[in-house]
Amino acid sequence: MRLFRRTAGDCHAAMDVVGSRDLDLVMLDLVMPRRDGLDVLTAVKARQSSPLVIVLTAVHEISARVQALERGAGVQLDLRRSRASRRADQCA
C-alpha cells in the first residue's frame, strides 16, 4: 500500500489531483476557494474507481450537508463546535 498525501489550495487543484491518480480515500471540505467542495465530490464520484469520500465541514446549512450525502459522501464529520466550547474543553 502506498500513501499519497496532497493538500489542494482550491477546487481546481483538487480536481487536478483527483483526475491524475487512483485514490482510495479523499478527505474534503465543502468550503473551498473558487468553487465549492460539492463540485469536487461530484467529480470524484463520477470516476470509475470511486474512492471513499470523508467530508469535514463547518457548514451550517443542512441542505449542503444533505447534498454531500446525496452525491456520495461516505462519511461526514461536523466541525461546527464553537471556539468557546473548545476552550472550555481544554480548561477542563
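User: What volume does the largest pocket have, and what makes it a pocket?

Analyst: In this predicted model, where local features need pLDDT of at least 70, side-chain atom pairs count only at pLDDT 80 or more, and totals for chains, interfaces and linings use all residues, the largest pocket has a volume of about 760 Å³. A pocket is an open set of points on a 1 Å grid over the protein atoms alone, with protein on both sides within 12 Å along at least five of seven lines, whereas a cavity is a set where a 1.4 Å probe fits but cannot get out. The volume is the space filled by probe spheres set on the points, which are joined across faces, edges and corners.

User: Which residues line the largest pocket?

Analyst: Its lining, meaning residues with an atom within 4 Å of a point, has 22 residues, of which Phe4, Arg5, Arg6, Leu25 and Val26 lie nearest the centre. The elements that give two or more residues to this lining are α1 (11-20) and β1 (25-28), and β1 gives the largest share, 4 residues.

User: Why are α1 and α2 called roughly parallel?

Analyst: The axes of α1 and α2 (residues 37-46), as lines fitted to C-alpha atoms over the stretch in contact, come within 10 Å and cross at roughly 10 degrees. Angles between N-to-C directions run from 0 to 180 degrees, and those under 35 degrees count as roughly parallel, so α1 and α2 are roughly parallel to each other. Their contact (heavy atoms within 4.5 Å) is made by Cys11, Ala14, Met15 and Val18 of α1 and Asp39, Val40, Ala43 and Val44 of α2. Residues are numbered from 1 along each chain as its sequence is written, and side-chain values use heavy atoms, leaving out hydrogens and water.

Definitions and conventions:
Parallel < 35°, antiparallel > 145°, perpendicular 65-115°, else oblique.
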